[in-house]
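Dear colleague,

Please find the structure below, handed over for your review.

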Amino acid sequence: VRRIGQTDDVAGLLLSMDLCVHSAPSEGLPNGILEPMAYGLAVVASDVPGIREALGDEASAYLATPGDPFAFADRIVELITDVERRTAAGERNRERICSSFSVERLAVDTMAAVTAALKDPMPWSKLGWVVRMPGVVHTFVLTMVLSRGLLRRLLSAGSRCCRIIPR
């Protein structure tokens, strides 16, 4: 373990790692998990909803109860000492990023949810789902993929639909 301080070379840092450990007691959908996954790293992390969502069901063996250093240590040692298991976990993580969190996938899912919400006379619940599932990433993609026509429809729906905050 080395403390390196701030770095602008995140890619270089991730490429130099054997394993990502993320012990936050609570999280949304953390980039601190998604980025190492994209680089094919195995992840040991706190068992909290946002992290569980990012890693998926297959990675539950590498989740530890927040605040339980012994559980974290057991999972870290297991992956550090078993190169095949660590490599397989990293490959699954990279595949999950490509299949579940690509810009294309998020754009399609977001457009489908927003379109369905616009057809509903009370779209609160569906738009809330867009924001919560899978969190911040969908909100970001939503701002990127809205066509002008769909954006006009959202604006005309006003507060019945959502709150749009201009930049």
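**Findings**

Just after helix H2, Gly40 takes a positive phi of about 80 degrees. Helices here are DSSP runs of H or I with at least four residues, strands are DSSP runs of E with at least two, and both are numbered from the N terminus.

Please note that this is a predicted model, in which local features need pLDDT of at least 70 and side-chain atom pairs count only at pLDDT 80 or more, while totals for chains, interfaces and linings use all residues. Residues are numbered from 1 along each chain as its sequence is written, and side-chain values use heavy atoms, with hydrogens and water left out.

**Confidence**

The average pLDDT of the chain (the predictor's confidence in each residue, from 0 to 100) is 76, and 69% of the residues score at least 70. Over residues 123–148 the pLDDT stays under 50, and the model has 42 contacts beyond four places in sequence for this stretch. Residues 158–167 also have a pLDDT below 50, with 14 contacts in the model beyond near neighbours in sequence. A contact means heavy atoms within 4.5 Å.

**The chain as a whole**

The chain holds nine helices and three strands. Their order along the sequence is α-β-α-β-α-β-α-α-α-α-α-α. Of the 167 residues, 36% are buried, where buried means under 20% relative accessible area, exposed means over 50%, and partly exposed lies in between (1.4 Å probe, protein chains only). The accessible surface comes to about 10500 Å², and carbon and sulfur atoms account for 57% of it; the areas come from the Shrake-Rupley method with a 1.4 Å probe, and for residues only the protein chains shown count as cover. Of the contacts between residues at least 6 apart in sequence, 51% join residues at least 24 apart.

**Helices H2 and H5**

H2 spans residues 31–38 and H5 spans residues 83–100; the two pack at an angle of about 110 degrees, with their axes 7 Å apart. Axes are lines fitted to C-alpha atoms, for helices over the stretch in contact, and angles run from 0 to 180 degrees between N-to-C directions. H2 and H5 are therefore roughly perpendicular; angles of 65 to 115 degrees count as such, those under 35 as roughly parallel, those over 145 as roughly antiparallel, and the rest as oblique.

On the H2 side, Leu34, Met37 and Ala38 take part, and they meet Gly90, Asn93, Arg94, Arg96 and Ile97 of H5. By class, the residues of this contact are four nonpolar, two polar and two charged. Nonpolar covers Ala, Val, Leu, Ile, Met, Phe, Trp, Tyr, Cys and Pro, charged covers Asp, Glu, Lys and Arg, and the others, Gly among them, are polar. The buried residues of H2 are Ile33, Leu34, Pro36 and Met37.

**Helices H4 and H5**

H4 (residues 69–81) packs with H5 at an angle of about 100 degrees, and their axes are 5 Å apart. H4 is thus roughly perpendicular to H5. Glu78, Leu79, Ile80 and Thr81 of H4 make the contact with Val83, Arg85 and Arg86 of H5. This contact of H4 with H5 has three nonpolar, one polar and three charged residues.

**Two individual residues**

Leaving aside neighbours within four places in sequence, Ser100 is in contact with Arg105 and Leu106.

Asp74 lies in helix H4. Because its relative accessible area is 54%, Asp74 is exposed. The C-alpha atoms of Asp74 and Val44 are separated by 10.0 Å, and these residues are 30 apart along the chain.

With kind regards
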